[in-house]
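This report concerns helix packing and aromatic contacts in the structure shown below.

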Amino acid sequence: MLRVLFLFLVLIASVVVGPMLAGHQGYVLIQTDNYNIETSVTGLVIMGVLLFVVLLVIEWILRRIFRTGARTRGWFIGRKRTRARKQTKAALIKLAEGDYKQVEKLLTRNADHAEQPVVNYLLAAEAAQQRGDDFRTNQYLERAAEAADTDQLPVDITRVRIQLAQGENHAARHGVDRLLNQAPRHPEVLRLAEMAYLRTGAFASLLEILPSMSKINLHTEAELQALQQQAYIGLMNQAMADEGSDGLKRWWKDQSRKTRHEVPLQIAMVEHLIECNDHELAQEIVLDSLKRQYDERLVLLIPRLKSGNPQQLEKALRQQVKQHGATPLLNSTLGQLLMKHGEWQQAADAFREALKQRPDAYDYAWLADVLDKLHRSDEAAQMRREGLMLTLKQNGDA
């Protein structure tokens with residue numbers, strides 16, 4: 001720029017000085033309606049140069065003024081950003097201390113100038129929720145939504161988390177349904193969906209998201225299995241509450257064979273059927289399951305069954321004894337079953353076999369009751385004493 005100006009001045013000087021030295025300055029007439037301006041060429045050039053210089057000076061002054069304003073604005077903005085950064089750090093410390101009032105105050109004071117205004121407003125919303133201030137919570141969520149523009153996912157996640165914390169479970173469930181459409185494998189979305197579905201009894205929806213949880217390793221296999229069982233048991237409860245035993249039968253029939261063959265679900269189903277006084281189907285499930293695999297949890301259910309065909313249960317127990325040996329549990333269960341049928345001597349033999357393998361207070365008590373039926377009062381009293389001593393010993397060891 002300076003070089004161009006210098007060349008321009010040299011050119012003007014040559015135009016002006018040249019004629020002056022030659023003695024030929026020329027003549028210029030500028031005529032208007034009311035005025036006539038007469039000057040030499042040299043004078044006109046000098047006035048043009050002066051006008052150009054004046055314009056340059058004015059431009060320099062204006063540039064300095066605007067540059068100073070921009071610097072001033074930049075200084076103020078930079079100062080606010082620095083202050084917002086310090087306040088955000090202080091807010092995080094207060095958050096660790098649990099001082100939610102100060103957290104909210106520090107995060108929102110210069111939130112618009114923070115590095116991540118959305119984060120400031122979202123943390124402030126959660127702090128306000130911790131204080132129980134619903135109005136400010138919603139206000140901060142709205143500000144966060146405005147700052148987030150098109151990226152509303154963190155805002156929606158925080159909103160659902162706050163709704164769950166406030167007990168607005170059905171609103172949270174509506175929110176997670178929308179979130180799952182946007183981010184079906186987002187870990188936090190799946191966690192929130194799990195909470196919302198469990199709280200609202202949406203067990204079918206919970207079963208649908210279990211594969212996604214498994215793919216991202218959100219839970220261990222054991223935890224996923226427990227969640228699945230919880231969901232199925234919840235569906236059992238709903239079917240029983242709606243239609244009783246008929247609803248349970250219909251629901252069980254609609255399940256896949258793989259589901260019906262899972263022992264924990266079979267046990268839960270049998271317990272529900274016993275509660276509905278449907279012992280026939282309960283016995284059928286227990287016997288079918290024991291044919292496929294031996295499980296002590298199934299054996300423990302047998303004494304609770306009130307079947308019209310007890311011979312099947314006795315036969316199944318004796319078959320289990322042949323296959324797996326005379327375990328204390330099988331002998332004890334067989335003894336309890338024989339007690340119900342009034343077969344006192346066989347029941348006494350079964351309980352004695354169980355007690356030979358391991359002492360048990362319940363078996364002592366049952367054997368004493370059987371001996372009373374056999375009119376062996378002295379032996380019955382002896383069994384009760386041994387059972388009492390075993391109970392006292394176990395309580396003392398505990």
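Helix α9 (residues 203-215) and helix α10 (residues 221-254) have axes that come within 9 Å and cross at roughly 165 degrees. The two are therefore roughly antiparallel, a label given to angles over 145 degrees. Their crossing is left-handed, a term for a near helix turned anticlockwise from the far one by less than a right angle. Axes here are lines fitted to C-alpha atoms, for helices over the stretch in contact, with angles running from 0 to 180 degrees between N-to-C directions. Helices are DSSP runs (H or I, at least four residues) numbered from the N terminus.

The model is predicted, with local features requiring pLDDT of at least 70 and side-chain atom pairs pLDDT 80 or more, while totals for chains, interfaces and linings use all residues. Residues are numbered from 1 along each chain as its sequence is written, and side-chain values use heavy atoms, leaving out hydrogens and water.

On the α9 side, the contact (heavy atoms within 4.5 Å) involves Phe203, Ala204, Leu206, Leu207, Leu210, Met213 and Ser214. Their partners in α10 include Glu221, Leu224, Leu227, Tyr232 and Leu235. By class, the residues of this contact comprise 11 nonpolar, five polar and one charged. Nonpolar covers Ala, Val, Leu, Ile, Met, Phe, Trp, Tyr, Cys and Pro; charged covers Asp, Glu, Lys and Arg; the others, Gly among them, are polar.

The crossing of α13 and α15 is left-handed. Gln283, Leu287 and Leu290 of α13 meet Gln312, Leu313, Ala316 and Gln320 of α15. The residues of the α13 contact with α15 are four nonpolar, three polar and no charged.

Aromatic rings are considered next. Rings of Phe, Tyr and Trp (its six-membered ring) pair if their centres lie within 6.5 Å, and planes under 30 degrees apart count as stacked, over 60 as edge-to-face and the rest as tilted.

| Pair | Centre to centre | Angle between planes | Class |
|---|---|---|---|
| Tyr232 and Trp251 | 6.2 Å | 65 degrees | edge-to-face |
| Trp251 and Trp252 | 6.3 Å | 40 degrees | tilted |

Tyr232, Trp251 and Trp252 form one aromatic cluster. Tyr232 and Trp251 are buried, meaning under 20% relative accessible area with a 1.4 Å probe and protein chains only. Trp252 is buried as well. Tyr232 also belongs to the contact of α10 with α9.

Key: Buried < 20%, exposed > 50% of the residue type's maximum accessible area, 1.4 Å probe, protein only. Parallel < 35°, antiparallel > 145°, perpendicular 65-115°, else oblique.
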